[in-house]
Amino acid sequence: MFSRDDTKALKGLAVLMMLFHHMAGFTDRCPPDFEGFQTLWRGFAEKGLLGALAGFCNNCVSIFFFLGGYGMYLLWKDKRFHLGKQIKRLYFAYWRVFVLIVPVALIFFRRSPDQAPALSCIYNIHGARQMFVTLLANFTGFNSTLNNEWWFFKSYLCMMPMGVLFCLAMKKTKHPATDLLIVCLIDFIRRVVFANIGNTTLFSGASVHYFFSVFLIPDTRATMLYLGIVFAKHSLLTRIKNIFNRLRFSPVYGLAVIVGIFYMRSFLTAEFIDIIYVPLFIAAASVILDSIPPLKKGMIFFGRHSTNFWLLHTFFCYYFYEAAKIVYSTRSPLLDWLILLAFTLGASLLVEIFWKLIGLAEPKLKKILFKPEAEPAPDTK
């Protein structure tokens, strides 16, 4: 069985992968005095294995799309998925971080040293008009200029109605092979046809058309949302996990599958067959986590903070120059990743504490901000 706790645990794992991907995968964004990572096994960094691992962790985006589609279908099947409510929920999760971290960035990190990377200087905004336009565009999610990694918000937001349409279109199909072939066809169209259609003379303006760029091809990995819907519809993750669990030492096989996927994706096939790799990775990782309950509980904890982690972590490794220097201070990828994790977790807990206090103070705030409601006039009849 693939339960809600399994989903939270996989989200926790995915967000930890995201932290490592952004910390170790973009050395050009590091502070200028950073001399590169060092490990006990020198070849790990020098021969490109560290970079390959960081690149492999980019799978976190596909995992989030897949799990999003998986949960969407289960809610839709039970008639509990309301698109408007889900969009509202997504915006509220985004805004509750936005209204706290963006003022901090603009007040305390608006001016960075001359030697700081360009990403540490993006909050140096001049003029009231430019400030207003920038804040409004980012607040609505239309732009992600205040944090480049917030692009995922608009992509996921636009994929939600597309996911609902997919659920409706696939309502009458019965066989999993049919659904999987349709997803493969969609993946091919998005990766090959739509990705190159703008290069043709007839459709040269397609790439700048808003509907095309936002809804039809926001990101090639967004196809994983459709794949998650199919896997939920036919309980395919449960079937794959049952195959693992019938084997002796199933966690060992799960680990072998993950190592195999890492090698194949990093050095042989790249990402174009992620449609196979991602569900296998999720099932194998779930089997391993099931076998280590304390580890699974830890992943569930991080999964509960996954949205905050996604929205916050790059401030500390890219945008806040002073924090980035601390993150990259040891040159050990493991220790630096743990420092980034500590910064992000601390910020996430502060966000949760702040809004919990606001919730407790809400009755008093309403009394301060609003007039008391007028009592209805007595009925004199």
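This is a predicted model: local features need pLDDT of at least 70, side-chain atom pairs count only at pLDDT 80 or more; totals for chains, interfaces and linings use all residues.
Helix α1 covers residues 4-24. Its 21 residues, at 1.5 Å a residue, should span 30 Å. The end C-alpha atoms of α1 are 30 Å apart, so the two values agree. Most of α1 is covered, with 16 of its 21 residues buried.

Helix α15 covers residues 306-319. At 1.5 Å a residue, its 14 residues should span 20 Å. The end C-alpha atoms of α15 are 20 Å apart, which agrees. Yet α15 has a kink of about 35°. That kink is centred on Leu 312. Helix α15 is also mostly covered: 13 of its 14 residues are buried.

## How α4 and α7 cross

Two packed helices are described by the angle and the distance between their axes. Take helix α4 (residues 59-77) and helix α7 (residues 151-169). Their axes come within 10 Å and cross at roughly 40°. Angles under 35 degrees would count as roughly parallel, and those from 65 to 115 as roughly perpendicular. The two helices are therefore oblique to each other. The crossing of α4 and α7 is right-handed.

## Ser 250

Ser 250 is found in helix α12, which covers residues 250-269. Is Ser 250 buried or exposed? Its relative accessible area is 11%. Buried means under 20%, so Ser 250 is buried.

Leaving aside neighbours within four places in sequence, Ser 250 is in contact with Phe 244, Asn 245 and Val 287.

Note on methods. Residues are numbered from 1 along each chain as its sequence is written. Side-chain values use heavy atoms; hydrogens and water are left out. Helices (H or I, at least four residues) and strands (E, at least two) are DSSP runs, numbered from the N terminus. The expected span of a helix is 1.5 Å times one less than its number of residues. The bend at a residue is the angle between axes fitted to the seven residues ending there and the seven starting there. Buried means under 20% relative accessible area, exposed over 50%, partly exposed in between (1.4 Å probe, protein chains only). Axes are lines fitted to C-alpha atoms, for helices over the stretch in contact, and angles run from 0 to 180 degrees between N-to-C directions. Angles under 35 degrees count as roughly parallel, over 145 as roughly antiparallel, 65 to 115 as roughly perpendicular and the rest as oblique. A crossing is left-handed if the near helix is turned anticlockwise from the far one by less than a right angle, and right-handed if clockwise. Contact means heavy atoms within 4.5 Å.
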